[in-house]
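Subject: Handover of a structure for your review

Dear colleague,

Please find below the structure that I am passing on to you. My notes on what was found in it follow directly after.

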Amino acid sequence: MRWLLIALIVIPGTIADVLNTMGMRRNGEVYDFRPYAILRLIASLARSPHLAVGVPAMAVSFFALMALLSIANLSFAVPATASSYVLETALAKYILKEHIGWRRWAGASLVGCGVLLVSRG
Amino acid sequence: MAHDQADSAELQLTHEVPAPILGAGPSTATLAAGVFEDRSQPFCLKTRTIILLLVVSNVLGNFTLSRGLHEVGRLVSFSPWPYIHAFLNPLVEVGVLLLIVWLISQLSLLSRVDLSYMLPVTSVSYVLTALMGEFLLHERVSTESWIGIGLIGLGVSLVARTVPRTAPVLHKFGDLPYEAAQ
């Protein structure tokens, strides 16, 4: 059960991040954070096909995390998500066409290892 | 926005980031009008403010949610009722509210920076969680964790030195570059 939940956290979480990035890139920059503007932003995002899949995928990932947190500690939940740093950096390069130099690769790897150590300790 | 005042006390994460993200750099047209110069400063600050908001709401959201769910008890079910029951716990409610703030700030940040920039930079939340455990909850942070915190810090400082956005920006009003579409 625990590992099923881990899969339900990582796989939809990864898909959500990629789709949300695509959707937000199409939406254009968000620079106004007044309450009315945020409501307008939500209304505009509700029409985005990428976010229509991305946000529910994020919710699946979130509810799986909620369920996992109720039966296990955060220290069990986090290590699996640590590996997603490198995975998602690779997806960002090949799917989202981001330019990823050595700093980003090294940074993502270091952060992944660091997250693993922090949550084990 | 009130958060702008908090910028001086903000995490020093992105101070190495070059100010002109896409479209904010001076060109002959913008120098003449002087419009983008005025806009570029709060623009850059707001990106940092979003990062701060994202990290804080993530840490506090996970913390209150985790606390609340332990009060609620076991929650593995395919039926919606246990989840609805869990929402009646005030700690869970605060946690969910904070995670909504987290969602909106994450989407806003993704509209400005690369995914491969956001992910490592926002991992400071793990450092904050560990430090919160040490200083607020008096849990001992192990040597292993301190090494982890060091690695995350190093990773974040590397990524923060890259240009935040490298991918082409599309705009819903066509394929004009962002600054032209504005």
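Two salt bridges are found across the interface of chain A and chain B, a salt bridge being a side-chain nitrogen of Lys or Arg within 4 Å of a carboxyl oxygen of Asp or Glu. Please note that this is a predicted model, in which local features need pLDDT of at least 70 and side-chain atom pairs count only at pLDDT 80 or more, while totals for chains, interfaces and linings use all residues. Residues are numbered from 1 along each chain as its sequence is written, chains are lettered from A and ligands numbered from 1 in the order in which they are written, and side-chain values use heavy atoms, with hydrogens and water left out.

One of these bridges joins Glu29(A) to Arg165(B), with the closest N and O atoms 2.5 Å apart. Glu29(A) counts as buried because its relative accessibility is 8%, where buried means under 20% relative accessible area with a 1.4 Å probe, protein chains only. Arg165(B), at 7% relative accessibility, is buried too.

Arg104(A) forms a salt bridge with Asp114(B), and here the closest N and O atoms are 2.8 Å apart. That pair also crosses between chains, running from helix H6 of chain A to the loop between helix H4 (90–110) and helix H5 (115–122) of chain B. Arg104(A) and Asp114(B) are both buried.

Over all chains, the structure holds three salt bridges. Within chain A, the side chains of Glu98(A) and Arg25(A) meet in a salt bridge at 3.3 Å, N to O. Glu98(A) lies in the loop between H5 and H6 and Arg25(A) in helix H1, so the pair ties together parts that are 73 residues apart in sequence. Both Glu98(A) and Arg25(A) are buried.

As to the interface as a whole, 60 residues of chain A are in contact (heavy atoms within 4.5 Å) with 66 residues of chain B. The two chains bury about 5300 Å² between them, 70% of it on carbon and sulfur atoms; buried area is the accessible area (1.4 Å probe) that two parts lose on being put together, summed over both. Twelve residue pairs, both residues at pLDDT 80 or more, are in polar contact across the interface. A polar contact is a pair of N or O atoms within 3.5 Å; within protein, one must be able to donate a hydrogen and the other to accept it, and residues adjacent in sequence count only if both atoms are side-chain atoms. H6(A) gives the largest share of the side of chain A that touches chain B, 14 residues.

Finally, some remarks on confidence. The predictor gives the complex an ipTM of 0.88 and a pTM of 0.74. In chain B, pLDDT stays under 50 over residues 1–44 and over residues 172–182.

Yours sincerely

Definitions and conventions: Helix = DSSP H or I, 4+ residues; strand = E, 2+ residues; numbered from the N terminus. pLDDT = per-residue confidence, 0-100. Buried < 20%, exposed > 50% of the residue type's maximum accessible area, 1.4 Å probe, protein only.
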